[in-house]
Amino acid sequence: PFESQGCGVHAPRSELDRHVNESMKEHMLLLANENKRLKENIRALNTHVKSEMSALRDEQPNTYTWNISNFNQYVHGLPVGEEIQSPYFWLCGICWKLRLYPNGASTTQSDYMSLYLERQIDSQRGSLVTTAPNHCVSILFRLIVVSLSADVANYSVSIDQPLQFTDEDKDWGWVAFMRQSQAQLYYGPTGTLKIKCVLQLKN
């Protein structure tokens, strides 16, 4: 019965039973050695899996661009506190969306646009599969308004320290992201506002 563990004794059944009973200490040592080898194999496998997962995570896209057509209609049609949302998108293996308030999220900052990045932790809309809840992710991110003119530089706001996205704190951003008067330089006559989100996963 201990052949797979290294016991090389071959004998009739009655003699095998006696051999097992008489050599139980040696057989337990064989089992202990096999258990040690299995644990080493599991540790090696775990190390390999972590390495593969890390490589896979690094290969995940980390940039998303949201093109908002006819942005003028939102500026003139939405009151303070009303938002528009980007489609769901995946970056660094996590599902996100952007929330933009064309006339600000607060009446105290109504001359600014407000912009937030929100992590998706539920799947109530459609058949979208999102990341598991109760899991904290640490993120560095930058939100960029892309200029459509060679005469105007991109407008960029970034986070210097990683922020924790949890079930309770699932969104981060700026209530005073960009002045509305400045935003007009970016959507101009075309009416299209282009916002780019760049993420870096820190855990």
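This is a short walk through one predicted protein model, from its overall layout down to a few side chains.

Okay, housekeeping before the tour. The model is predicted, so local features need pLDDT of at least 70 and side-chain atom pairs count only at pLDDT 80 or more, while totals for chains, interfaces and linings use all residues. Residues are numbered from 1 along each chain as its sequence is written, and side-chain values use heavy atoms, with hydrogens and water left out.

Let's start with the layout. The chain has four helices and ten strands; these are DSSP runs, H or I of at least four residues for helices and E of at least two for strands, numbered from the N terminus. Reading from the N terminus, the order is α-α-β-α-β-β-β-β-β-β-β-β-α-β.

How much of the chain is buried? Of the 203 residues, 34% are, where buried means under 20% relative accessible area, exposed means over 50%, and partly exposed is in between (1.4 Å probe, protein chains only). The chain exposes about 12,300 Å², and 50% of that comes from carbon and sulfur atoms; these areas come from the Shrake-Rupley method with a 1.4 Å probe, and for residues only the protein chains shown count as cover. Now take contacts, meaning heavy atoms within 4.5 Å. Among those between residues at least 6 apart in sequence, 64% join residues at least 24 apart.

On to the charged side chains. A salt bridge here is a side-chain nitrogen of Lys or Arg within 4 Å of a carboxyl oxygen of Asp or Glu, and the whole structure has six of them. Let me start with Arg 99, which pairs with Glu 83 at 3.0 Å, N to O. Arg 99 sits in strand E4 (residues 94–101), and Glu 83 is in the loop between helix H3 (71–77) and strand E2 (84–85), 16 residues apart. Arg 99 is buried at 10% relative accessible area, whereas Glu 83 is partly exposed at 25%.

Arg 99 also bridges to Asp 171, with the closest N and O atoms 2.8 Å apart. Asp 171 is in strand E9 (residues 171–179) and Arg 99 in E4, so this pair ties together parts 72 residues apart in sequence. Asp 171 itself is partly exposed, at 28%.

Then there's Lys 97 with Glu 118, at 3.9 Å, N to O. Lys 97 is in E4 and Glu 118 in strand E5 (residues 112–119), 21 residues apart, and both are buried. Put together, Glu 83, Lys 97, Arg 99, Glu 118, Lys 170 and Asp 171 are linked in a network of salt bridges.

Next, helix H4, residues 180–187. Which of its residues are buried? Ala 183, Tyr 186 and Tyr 187 are. They cover an arc of only 85° around the axis, so they lie on the same side of H4; that arc uses the directions from the helix axis to the C-beta atoms. Ser 181 and Leu 185, on the other side, are exposed. The cover over the buried residues includes H3, E5, E6, E7, E9 and strand E10 (193–201). Just after H4, Gly 188 takes a positive phi of about 40°.

Last stop is Ser 147, in the loop between strand E6 (137–146) and strand E7 (155–158). Ser 147 counts as buried because its relative accessibility is 14%. Leaving aside neighbours within four places in sequence, Ser 147 contacts Val 152, Ala 153, Asn 154 and Tyr 186. The Ser 147 side chain reaches the backbone oxygen of Val 152 at 2.6 Å, and the backbone oxygen of Ser 149 lies 2.8 Å from a polar atom of that side chain.

Technical notes. A polar contact is a pair of N or O atoms within 3.5 Å; within protein, one must be able to donate a hydrogen and the other to accept it, and residues adjacent in sequence count only if both atoms are side-chain atoms.
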